[in-house]
Amino acid sequence: WSNTDTPVDALDELSKTSYPLCMRTLHEALKSNHHLKNSGRVQYGLFLKGIGVKMDEALQMWRTEFTKKIDADKFDKQYAYTIKYIYGKVGSQKNYTPMGCSKIISNIAGAGEYHGCPYRLMDSGTLKKKLTSYGLLATDVSEIVSLAEEHHYQLACAKCFEVTHKIPPEHPVMHPNAYYLDSRSIIDK
Ligand code: SF4
């Protein structure tokens, strides 16, 4: 995991430069809906812990978003627990680790949910539109969408890394947090 602390006010920018699509999708959904259902909170919350977001800062970020729709008291009673749980401060107090690709790919999101792997879950038209909106070239988008259609989700993700960083990832894409670290090692050079 990341050895450096990551401030939450850097996440909007990091989500654009260094997040894989699964985490960027969750970040965008949180920012636009001011809510994420439980599976999304767990998938994204664990990722954030892995990239070096401290619990108090994470709580502050989730609270700021959720309280655009609900009051702070309700957040503290209903939602803060999951975040503290992720950091091992309540419940079984385990040191939960961020989920890898195989686990995320096997999680299917229902209506109104944004967890899981978008290369598996988005239909081709939606994926194409999404990647195009991120500024990828049409030829690159076609290649990524074809890989996803052939169920090569992690290869599609690696191709997305390659075209957005102008260099392939150092490791095969197996884990969103490794994707993030590979990205930071290129960008921070
Ligand atoms: Fe996330 Fe892995 Fe899917 Fe990439 S392949 S979007 S890192 S789950």
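# Exercises on salt bridges, rings and a helix

Arg-24 lies over the face of Tyr-134, 3.3 Å from the ring centre; a charge counts as over a ring if NZ of Lys or CZ of Arg is within 6 Å of the ring centre and within 35 degrees of the ring normal. The model is predicted, so local features need pLDDT of at least 70 and side-chain atom pairs count only at pLDDT 80 or more, while totals for chains, interfaces and linings use all residues. Residues are numbered from 1 along each chain as its sequence is written, and side-chain values use heavy atoms, with hydrogens and water left out.

## Exercise 1

Find the residue whose ring face lies under Lys-49, and give the distance from the ring centre.

**Solution.** Step 1: the ring belongs to Tyr-87. Step 2: Lys-49 lies over its face at 6.0 Å from the ring centre.

## Exercise 2

Describe the salt bridge between Asp-5 and Lys-54, and state which parts of the chain it ties together.

**Solution.** Step 1: a salt bridge is a side-chain nitrogen of Lys or Arg within 4 Å of a carboxyl oxygen of Asp or Glu. The side chains of Asp-5 and Lys-54 meet in such a bridge, at 3.3 Å from N to O.

Step 1: Asp-5 lies in the segment before helix H1 (11-17), and Lys-54 in the loop between helix H3 (38-50) and helix H4 (55-66), so the bridge ties together parts that are 49 residues apart in sequence. Helices (H or I, at least four residues) are DSSP runs, numbered from the N terminus.

Step 2: buried means under 20% relative accessible area, exposed over 50%, and partly exposed in between (1.4 Å probe, protein chains only). Asp-5 is exposed at 53%, and Lys-54 is partly exposed at 46%.

Step 3: the structure holds 11 salt bridges.

## Exercise 3

**Solution.** Step 1: Lys-31 forms a salt bridge with Asp-12, with 3.5 Å between the closest N and O atoms.

Step 1: Lys-31 is partly exposed, with a relative accessible area of 31%. Asp-12 is also partly exposed, at 36%.

## Exercise 4

Classify the aromatic pair of Tyr-44 and Phe-47, and name the cluster that holds both residues.

**Solution.** Step 1: a pair of aromatic rings is described by the distance of the centres and the angle of the planes. Rings of Phe, Tyr and Trp (its six-membered ring) pair if their centres lie within 6.5 Å; planes under 30 degrees apart count as stacked, over 60 as edge-to-face and the rest as tilted.

Step 1: by this rule there are 13 aromatic pairs. The pair of Tyr-44 and Phe-47 is stacked, with 6.3 Å centre to centre and 20° between the planes.

Step 2: Tyr-44 and Phe-47 both lie in helix H3, three residues apart, about one turn of the helix. An α-helix has 3.6 residues a turn, so residues three or four places apart point the same way.

Step 3: Tyr-44 is buried at 0% relative accessibility, and Phe-47 is buried at 1%. One aromatic cluster is formed by Tyr-19, Tyr-44, Phe-47, Trp-62, Phe-66, Phe-75, Tyr-79 and Tyr-180.

## Exercise 5

Compare the span of helix H10 with the expected value, and list the buried residues of H10.

**Solution.** Step 1: the expected span of a helix is 1.5 Å times one less than its number of residues. H10 has 13 residues and reaches 18 Å from its first C-alpha to its last, close to the expected 18 Å.

Step 1: the buried residues of H10 are Tyr-153, Ala-156, Cys-157, Ala-158, Lys-159, Cys-160, Phe-161, Val-163 and His-165.

Step 2: within H10 (residues 153-165), Glu-162 and Lys-159 are three residues apart, about one turn of the helix. Their side chains meet in a salt bridge of 3.7 Å, N to O. Glu-162 is partly exposed at 30%, whereas Lys-159 is buried at 16%.

Step 3: H10 is followed by Lys-166, whose phi is positive, near 65°.

Technical notes
Helix = DSSP H or I, 4+ residues; strand = E, 2+ residues; numbered from the N terminus.
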